[in-house]
Amino acid sequence: MAFLMILIIQYLFALTMKRAAETVFSNVLRSLGYGFLFFIAVPAAAIISFVTIIGVPVGLLLLFSYIALILLATVITSLVAAHWLNNRNNYQWNFWRLVFTAFGIFIILKLASLTPIVGGLIMILLACTAFGGIVLNVNWKRRQQEVAGAFNK
């Protein structure tokens, strides 16, 4: 199942994973900080949205998507790590090479996370760094052309 999820995420979000790996390669501490912020802010936003009747569906959507991301954290982290290896060593890996490398990293991360205390901490740090790299690559601003084009119509 993990191999299938790696395959699907790589097929759908290859460019995002590559950019996240580049961001992690250049700004490790910033990615780590944004990842911690992501893992703290999303549940807080979900809880705050439960206060009003209108916010309950939004809170449920946030909560379910957050749980799905937590369950897929090792898969996403392994894909970002595979892209990081590809970028760091200037390899030109194809799709299948990246998928199999990510699956190997996934197995190593799962085995490492079985270590009682240190494994969990390492996995949390790596997942926060990977998610921070992804969050840093999301375009949060609207383009000026889109805004200006909306007023011209």
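Colleague: Which residues does serine 49 touch, leaving out those up to four places away in sequence?
Modeller: Contact means heavy atoms within 4.5 Å. This is a predicted model. Serine 49 sits in helix H2, residues 28-49. Leaving out residues up to four places away in sequence, serine 49 touches Gly55, Val56, Val58 and Gly59.

Colleague: Is serine 49 buried or exposed?
Modeller: The cut-off for buried is under 20% relative accessible area. Serine 49 has 14% relative accessibility, so this residue counts as buried.

Colleague: Which backbone oxygen lies 2.8 Å from a polar atom of the side chain of serine 49?
Modeller: A polar contact needs a pair of N or O atoms within 3.5 Å. The pair here lies 2.8 Å apart. The backbone oxygen belongs to alanine 46.

Colleague: Which element gives the most to the lining of the largest pocket?
Modeller: That pocket has a volume of about 330 Å³. Its lining has 13 residues, with Phe38, Leu69, Ile76, Phe131 and Ile134 nearest the centre. Two elements give two or more residues: helix H1 (2-26) and helix H6 (118-136). The top contributor, with 4 residues, is H1.

Colleague: How many charged residues does the lining of the largest pocket have?
Modeller: The lining holds 12 nonpolar residues and 1 polar residue. The charged count is none.

Colleague: Where does the largest share of the lining of the second largest pocket come from?
Modeller: The second largest pocket has a volume of about 270 Å³. Of its 13 lining residues, Val24, Ala81, Trp84, Leu126 and Thr129 are closest to the centre. H1, helix H4 (73-88), helix H5 (95-113) and H6 each give two or more. The largest share, 5 residues, comes from H4.

Technical notes:
Residues numbered from 1 in each chain as written. Predicted model: local features only at pLDDT ≥ 70, side-chain atom pairs only at ≥ 80, totals over all residues. Heavy atoms only, no water. Buried < 20%, exposed > 50% of the residue type's maximum accessible area, 1.4 Å probe, protein only. Polar contact = N/O pair within 3.5 Å; in protein donor to acceptor, adjacent residues only side chain to side chain. 1 Å grid on protein atoms, 1.4 Å probe; cavity = no way out; pocket = protein on both sides within 12 Å on 5 of 7 lines; lining within 4 Å. Points joined across faces, edges and corners; volume = space filled by probe spheres on them. Nonpolar A, V, L, I, M, F, W, Y, C, P; charged D, E, K, R; others polar.
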